[in-house]
Protein chains: 2
Amino acid sequence: MISEQIDLSLAKEAVDTIRLLAADAVEQAQSGHPGTPMEAAPIAYLLYSRHLRHAPQQPDWPGRDRFILSCGHASALLYSLLHLTGYDLSLEEIKAFRQFDSRTPGHPEFGHTPGVETTTGPLGQGFAVGVGMAMGARFLKEQVDQELFDYRIYSLCSDGDLMEGVAAEAASLAGHLRLGNLVYLYLDNHITIEGDTALAFSEETATRFLAYGWQVLRVEGENLEEIDGAIACAKEDPRPSLIIARTHIGQGAPNKQDSSAAHGAPLGREELRLTKQALGRNPEQSFEVPKQVSEHMFAAVERGESLVREWQQKFESRQDDARSATWHQLAGKGLSDGWQQYLPVFDTDSGPMATRKASGLVLNALAPHLPLLLGGSADLAPSNNTALQNETAFRPGASGRNIHFGVREHAMGAILNGLAHTPGLIPYGGTFLIFSDYMRPPIRLAAMMGLAPIYVFTHDSIGLGEDGPTHQPVEQLAALRAIPELRVIRPADANETAMAWRVALAERQRPTALALSRQNLPVVDRKTHGAAEGVARGGYVLAAEEGLLQALLIASGSEVSLVLAAREILQQQGIATRVVSLPCWELFDEQSQDYRHEVLPPTCPARLAVEAAAAFGWERYVGDRGDILAMDGFGASAPADQLMEYFGFTVDQVIARVRQLIEKN
Amino acid sequence: MISEQIDLSLAKEAVDTIRLLAADAVEQAQSGHPGTPMEAAPIAYLLYSRHLRHAPQQPDWPGRDRFILSCGHASALLYSLLHLTGYDLSLEEIKAFRQFDSRTPGHPEFGHTPGVETTTGPLGQGFAVGVGMAMGARFLKEQVDQELFDYRIYSLCSDGDLMEGVAAEAASLAGHLRLGNLVYLYLDNHITIEGDTALAFSEETATRFLAYGWQVLRVEGENLEEIDGAIACAKEDPRPSLIIARTHIGQGAPNKQDSSAAHGAPLGREELRLTKQALGRNPEQSFEVPKQVSEHMFAAVERGESLVREWQQKFESRQDDARSATWHQLAGKGLSDGWQQYLPVFDTDSGPMATRKASGLVLNALAPHLPLLLGGSADLAPSNNTALQNETAFRPGASGRNIHFGVREHAMGAILNGLAHTPGLIPYGGTFLIFSDYMRPPIRLAAMMGLAPIYVFTHDSIGLGEDGPTHQPVEQLAALRAIPELRVIRPADANETAMAWRVALAERQRPTALALSRQNLPVVDRKTHGAAEGVARGGYVLAAEEGLLQALLIASGSEVSLVLAAREILQQQGIATRVVSLPCWELFDEQSQDYRHEVLPPTCPARLAVEAAAAFGWERYVGDRGDILAMDGFGASAPADQLMEYFGFTVDQVIARVRQLIEKN
C-alpha cells in the first residue's frame with residue numbers, strides 16, 4: 001500500500017524507540033522478555049507502519065489485516081507498537097507492564113487489550129490460529145465478498161513456534177490450501193532458553209516449509225529495505241510465505257545480545273543504560289518517545305480512518321447483496337431468528353440411534369439455515385458424522401463449508417479458534433473423544449478468549465467396543481469438565497442431541513464440547529418422560545419417582561437408558577426411584593439452588609451416579625452417602641455389549657447398588 | 001544379517017498368507033482394519049524374516065531389534081507375523097481377534113501380547129516412541145556396551161502418523177541427533193478415512209524428512225527386492241531413514257483395493273472370497289497357513305535362539321565390566337539398595353525454597369548414584385531445574401544424560417516412553433505444568449503400559465505470577481489426577497519434594513507427575529510437625545490440633561504453608577485445627593480406611609480444602625459439609641503475591657472460611 005521509500009534515519013529512530021520502550025517496560029516490571037522485542041523491532045516497525053492495513057482507533061474493523069504475535073512472550077513489543085500507532089493503550093499502560101489490572105499482561109490477551117487479535121503464549125498456538133484466520137478470510141472473500149474481505153494475516157514466530165508440532169500440522173495444511181494471504185516472519189535468532197538452538201534444532205527450516213508448499217524468503221533482520229521487499233513479495237505470492245529473518249536476540253544490548261540471558265529476564269539497569277548509550281539515546285531517560293517518531297507512527301490512525309471509510313463505502317454499496325447482508329447480520333447480532341425451528345425432533349419410531357448419528361442429522365438440518373456454519377473433522381468425518389451433505393470441500397480456490405483437517409487434531413483445535421475469530425463464522429470440528437487429549441491447549445485458549453467453536457467428540461466411552469483402551473475415553477470427560485468456561489454436553493438420546501446443538505449454537509461466547517455415542521441408544525419417549533429442553537438447564541428430571549422418593553439415579557449419555565431400565569424394575573420392586581439426566585454439569589451448576597434442589601432433593605441421600613467414565617468429580621452430585629458406578633481404570637478390546645457387562649454397566653448392577661444404598665442410608 | 005537371495009515364490013506365498021490371515025481375522029471379528037495389513041504384508045514379511053534380529057521365544061531379550069507398528073489399527077498384521085514367526089500367539093488367538101480376554105486386542109497393547117513393544121493406536125505415538133527407543137539404544141550402546149546394545153528400531157507408519165505434530169517434533173529431533181539406528185517405513189497409500197490423502201495432505205514428505213536430516217528412500221510396496229535393498233541401505237546409513245513405500249490399501253482385494261472402504265471395516269464375505277481367488281488360494285478356506293510358509297517363517301525361532309546364545313556369551317564375557325554389571329542389576333532388579341541415603345534433608349535454616357529448586361538439588365544429589373537416570377526439559381531446563389550438573393548433553397556421538405528435547409513437549413512425552421521401554425533406564429522430563437496439556441496422550445499411554453517416567457512440572461499455579469493466565473495452571477492438576485494409574489504429587493516444601501522423588505523413583509510401574517512451585521516456600525520445621533515421610537502415604541497430619549478437633553485444613557503444595565499460618569491464628573483464637581498435607585491423592589486413596597479416617601476423622605465435618613487450582617474433585621475429601629478454597633476461573637498477570645491476595649489465598653480468607661464452616665456445622 002505504501003510504495004514510497006523508507007526514510008532510513010526516521011525508521012532507525014522509530015525502531016530504537018520500540019526496542020527501548022519494550023526493554024524499559026520489562027525493566028520497570030522486573031519481569032518479562034526484552035530480547036525478542038529488541039531483535040524484532042525492525043520487522044514490527046515495517047509491518048505496523050507500512051504493510052498492515054489497520055485502523056488503530058477502530059480495532060474491530062472487519063476488513064483489517066490481522067497481526068499475531070505467536071511468540072507471545074514478546075508482548076512488550078506488541079504493546080509498544082499499539083501505543084505508538086495510536087491504539088487505546090497509553091504510555092501509562094506500558095509502564096504498568098505485567099502489573100495487576102493493567103492492559104499490558106505478561107502475554108497478549110484477546111479481549112483485554114485493543115489490537116490484540118488472539119491470546120498467545122503457549123508456543124505454536126498463534127501460528128496455527130493464524131492459519132484458521134487465513135481460512136476464515138478466504139471463506140469470507142470467496143463466499144461473501146471478494147473486496148471486503150481481501151485481508152491478510154501476518155505473524156511473528158520464534159524458534160519455539162516452529163519446533164511445536166501444532167505449527168507443523170497447521171503449516172502443512174496451509175501449504176495444501178495455498179493460503180496466499182498468510183505472511184509469517186520467523187525470527188531465526190539461534191538462541192533458545194537452554195542455549196544455542198543447535199542443541200536441539202538443526203533442521204533446514206526453509207526446506208521444510210518448501211516441502212509444505214510455502215514460499216520461503218530470507219532476510220537480514222536489521223536490513224529494513226530487504227525486509228520490506230520480502231514482505232511486499234510475500235503479499236503477492238499465491239502461496240503462504242515464510243520470511244526467515246536472521247536476527248539477534250537482545251539486538252543492541254552490548255553484553256547480552258545473542259545470549260539466552262537476554263531472553264526471559266530484564267536486561268538490568270546497567271546493561272539497559274549501556275544499550276541506550278550504544279543506540280545514541282539518553283541513557284538516563286526511560287520510556288522516551290521522540291516527537292518525530294511519535295508523529296510518524298501515529299500517522300497510522302489517519303491512514304486507518306481512510307481505509308475504514310473506503311471499506312464502509314464499499315460495504316454500503318453492497319446493501320442489496322444478500323450474502324453481505326447475511327454476513328452483516330451474523331457478524332453483528334449473531335444467529336438469525338427462527339433457526340431453532342429447523343431442529344429435528346426424533347420420535348421413538350425412528351428406533352435406537354447413536355447420538356453421533358443424530359448429531360449428523362441435526363447438523364445437516366440446520367446447515368442450510370446457518371450459512372456461515374462450517375467445519376469438519378480430523379479425518380474421521382464418516383465416523384463423526386460431521387460432513388454437510390450438499391456442501392463442497394474447503395480447498396484451494398473453492399472455500400466450501402466442509403473442512404478436511406487431516407489427521408491433525410491439535411491444529412484443528414487452533415484453526416477452529418482462528419475461524420471463530422472471523423466475524424460471523426460458526427466453526428465446528430470433530431474427532432473421537434479420546435483425541436480431545438491432542439487438542440487441549442487450543443480448547444483452553446478458546447475458553448479463555450470467550451470464543452465459541454463446537455467440538456463434536458464421538459465414540460465417547462467403552463461403548464465404542466473393539467478398538468480397545470487406546471481409543472476408549474475414561475478420564476476425558478472429567479478432564480474437559482475441569483476446564484473453566486468450557487461446556488461439556490453428553491446427550492442421552494437423539495432429542496437431547498438436538499437440544500445440545502441448540503445450546504451450543506446459541507452460546508456465542510463459550511466453547512462447547514459434545515460427547516456422543518458410537519453405539520445406538522433408545523430414543524426416550526418424551527410423552528412419558530421429561531422434555532429434552534431440560535438440556536438447556538444442564539440436568540432435569542427425566543423420569544419422576546412413583547411414590548415417596550427413595551432413590552435417585554443420575555446419569556449422562558449412554559448410561560441414561562440403562563438407568564431408565566433399572567428404574568422400571570426398581571419401581572416394580574416397590575422402590576420409588578427418580579432418574580435425572582445430567583448432560584451438562586456447567587449448565588446445571590449455573591441454575592438456582594431452588595432448581596437444583598428440586599431436581600436433586602437434598603432429602604434423598606441414596607443417590608447413584610452412573611457414567612461409563614472416570615468417577616472423578618461425581619462426588620459433587622452424589623454426596624457423602626451416595627455411590628458412583630463408573631470406570632476405575634482403562635477399558636478393553638471386545639464387543640461393546642460384553643464390555644458394558646464386564647465393567648458393570650448393567651441393569652442388575654444398578655439395581656444392586658441402589659438397594660445397597662437404601663440399606664446403608 | 002541374511003545375505004541370501006529372496007526365494008520369490010516362497011515369499012509370495014508367505015506374504016499372501018500374512019495378508020489373508022489378517023483379512024480373515026477382521027472378517028471373523030466383524031470389526032477391524034484389513035486394508036493396511038494387506039498393503040504392508042510384503043514389508044512386514046521382509047522385516048520379520050530377513051532383517052529383524054529377534055528371538056520369538058525370548059521376546060524380552062535385551063539385545064533384540066524393536067519393531068513398532070505405529071499405525072496400530074493394522075494390528076492384525078502384527079498378530080499374523082507374531083504367530084507365524086513363533087511367538088507365543090496361537091492361531092486360536094488370531095481367530096479371537098478383538099474378542100474379550102484374547103491376546104489380540106483391537107490395537108497392539110504392550111504387556112498384553114508377547115512381541116508387542118509398545119502400545120499404539122493414537123496416531124503419531126509409535127513414531128515418536130521409537131525415537132525414544134532409538135535414543136535409549138544409543139545411550140546403552142555408548143554408555144554401557146558397544147556390542148550388546150547395537151540394536152535397531154524399525155517402525156511401520158501411515159499417512160496419519162506423518163500428519164500428526166508429535167511425529168514431526170520427534171522426526172526433527174531424531175534427525176538432529178543422527179539416530180542412524182532408526183529404520184522407518186512409510187506406507188504411502190494415498191488413502192485416508194475421508195478419501196484421497198490429496199484432500200488434506202499434499203506436502204512433499206520426502207523433502208520434509210530430508211530437511212530434518214533423514215535419509216529418504218523410495219520403493220514400490222510390492223517389489224520385495226527393492227524393499228529389501230532399501231532396508232539394507234537404511235541399516236548402513238548414519239542418519240535415521242525413512243523408506244517411502246508406494247502401497248495400495250487393501251492390496252489384492254479386487255473391488256476394494258485403493259479405496260477407503262478397505263480401511264476400517266471387514267472386506268465382506270464375498271470380497272474376501274474373491275481376494276483369495278485372485279491370490280490363487282482356496283476361496284472357501286479361512287486362516288490357511290501352508291506348511292512351507294509355516295516352516296519358512298518359523299525358522300525365526302532357531303535364528304533367534306542362536307542370536308540370544310551369542311549375545312549371552314558376549315554378556316557373560318563382560319562379567320568384570322562394571323558398566324554392564326550395573327546395567328544388569330538396574331535392568332533386572334531395579335534400583336540398587338541404599339540409594340535413598342543420598343536423598344538430601346533440608347532444614348529450616350536453608351530458608352524458604354521453591355520446590356522446583358529443591359527438586360533440582362534432589363536430582364543432582366541422586367544422579368551420581370543412579371547412573372541410568374537421564375532426562376531433560378522441553379527447553380526450560382534453567383526454569384525446571386532438570387539439568388544434571390556434572391553430566392554432558394545427549395547429542396550425536398555423545399549420549400550424555402542431559403537431554404535437550406527442544407520446544408517439543410508432546411514428543412518429549414512419547415520419547416520418555418521410549419526411554420522407559422529401554423531396560424534399566426529411568427527417564428524424566430520437565431516443562432511448565434501448564435504444558436502438560438501438550439503431552440497428555442503419551443502420559444496416558446505410559447499409565448496404560450505401566451511405564452514409569454517422571455514428569456517434572458514446575459510453575460504449578462498462579463504463584464508463577466506475571467506470565468499470566470496462559471501460563472498459569474488451573475485445571476491441570478485435576479486433569480492429571482483423573483488419569484488412571486498416574487500419580488500426581490504436589491509437595492509442600494523442600495523435604496516433601498525429596499520424598500516425592502523417592503516415591504517416584506521407587507515406583508517402577510507407574511508414571512509420576514511432580515507439580516512444583518516457581519515461588520519460594522518455607523521449609524516446614526519437621527521437629528514440630530509431621531515427618532515428610534508421610535508423602536509416601538499420600539496424605540498425613542502435618543500439624544495436629546491442640547484441643548478437641550474442630551476444623552480440618554487440607555492442602556497441597558504452596559497452599560500448605562498458607563494453611564499452617566492460618567492454623568496458628570485459629571489455635572490462638574481457640575479453634576482446635578488440624579492441618580493435613582495431601583500431596584498425592586492416588587497414594588492416599590490406596591491407604592487403609594483406618595489410616596484415612598485417622599488422618600481425616602469422619603467426625604469432623606468442618607473441612608476446608610485449599611489449593612490454588614480448580615476445585616474439581618476436592619469434594620471427595622471435604623464432603624457435603626465442607627468447603628473448598630480454590631480457583632474458579634483463569635488466573636491473571638501480576639506479581640504472585642498480589643494474585644494470591646486477589647484470588648483469596650490469604651490467611652484471613654482461610655480463617656474466615658473455617659469460622660463459617662464451624663458455624664454452619
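**A strand and its neighbours**

Trainee: Which way do the residues of strand S16 of chain B point, and are they buried or exposed?
Mentor: Bearing in mind that this is a predicted model, B:Thr512 and B:Leu514 point one way from S16 (residues 512-515) of chain B, while B:Ala513 and B:Ala515 point the other way, and all of them are buried.

Trainee: In what sense does strand S14 of chain B pair with S16(B), and over how many bridges?
Mentor: Strand S14 (residues 454-458) of chain B pairs with S16(B) in the parallel sense, over 4 bridges, and B:Val456 is the residue that stands opposite B:Leu514 of S16(B).

Trainee: And how many bridges join strand S15 of chain B to S16(B)?
Mentor: There are 3 bridges between S15 (residues 487-489) of chain B and S16(B), and these strands run parallel; B:Val488 has B:Ala513 in S16(B) as its bridge partner. Between S15(B) and S16(B) the chain crosses through helix H18 (residues 494-506) of chain B, in a right-handed β-α-β crossover.

Trainee: Switching topic, what rotation superposes chain A on chain B?
Mentor: A rotation of 180°, with 0.0 Å of shift along its axis, superposes chain A on chain B with an RMSD of 0.0 Å, and the two copies are therefore related as by a two-fold rotation axis.

Trainee: Which residue of chain A comes closest to the rotation axis?
Mentor: That is A:Gly165, whose C-alpha lies at 1.8 Å from the axis.

Trainee: What share of the contact residues of chain A recur in chain B?
Mentor: The share is 100%, and the same surface serves both copies.

Technical notes
Residues numbered from 1 in each chain as written. Chains lettered and ligands numbered in written order. Predicted model: local features only at pLDDT ≥ 70, side-chain atom pairs only at ≥ 80, totals over all residues. Heavy atoms only, no water. Buried < 20%, exposed > 50% of the residue type's maximum accessible area, 1.4 Å probe, protein only. Helix = DSSP H or I, 4+ residues; strand = E, 2+ residues; numbered from the N terminus. Pairing = 2+ DSSP bridges. Right-handed = clockwise from strand over helix to strand, strands pointing away. Least-squares fit on C-alpha atoms with pLDDT ≥ 70 in both. Contact = heavy atoms within 4.5 Å.
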